[in-house]
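User: Please take a close look at the charged pairs in this one and walk me through them. I'd like the distances and how exposed the partners are.

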Amino acid sequence: MKGLIMQYVVLIYRDESKDGEVDWDQLGKDYDAYAAAVVQAGVMRGGQKLQPSAAATTVAVREGERLVTDGPFAEAREQLGGIFVLECADLDEALEWGARCPGARHGTVEVRPVMPT
């Protein structure tokens, strides 16, 4: 797919149990600067911060029956905290933006290509 513009999702994971150690004011400023940079570069296509995983509701259908559970599906060391949708020329460019994301410094950032439609 070389030469085609692709969309990538930057998935931001963090350990919510360490939220007390976070300087939220500084982190907010860091994310504001990052968002401004991706907008200025013309690659931003969307993004949202998510509420904590405790606010999640999990839905599954088994044998035709809907099963609803409060909270995240599985216990994990890191929880999904937000996403950015970026449109980049290639994976290398998307990885550069992923590395610049503040979440890469305090958690893990996963960069995943969006399936072309």
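Analyst: Let's start with aspartate 30, which counts as partly exposed at 24% relative accessibility (buried is under 20% relative accessible area, exposed over 50%, partly exposed in between, with a 1.4 Å probe and protein chains only). Bear in mind that this is a predicted model, where local features need pLDDT of at least 70 and side-chain atom pairs count only at pLDDT 80 or more, while totals for chains, interfaces and linings use all residues. Residues are numbered from 1 along each chain as its sequence is written, and side-chain values use heavy atoms, with hydrogens and water left out.

The partner of aspartate 30 is arginine 105: they form a salt bridge with the closest N and O atoms 3.1 Å apart (a side-chain nitrogen of Lys or Arg within 4 Å of a carboxyl oxygen of Asp or Glu). Arginine 105 sits in helix α3 and aspartate 30 in helix α1, so this pair ties together parts that are 75 residues apart in sequence (helices are DSSP runs of H or I, at least four residues, numbered from the N terminus). Arginine 105 itself is exposed, at 57%.

Helix α1 has a pair of its own. Lysine 29 bridges to aspartate 25, with 3.3 Å between the closest N and O atoms; being four residues apart, they are separated by about one helical turn. Lysine 29 is partly exposed at 48%, and aspartate 25 is exposed at 52%.

Then there's arginine 14, paired with aspartate 19 at 3.2 Å between the closest N and O atoms. Arginine 14 counts as buried, at 12% relative accessibility. A search of the whole structure turns up five salt bridges, these among them.

Key
Helices (H or I, at least four residues) and strands (E, at least two) are DSSP runs, numbered from the N terminus.
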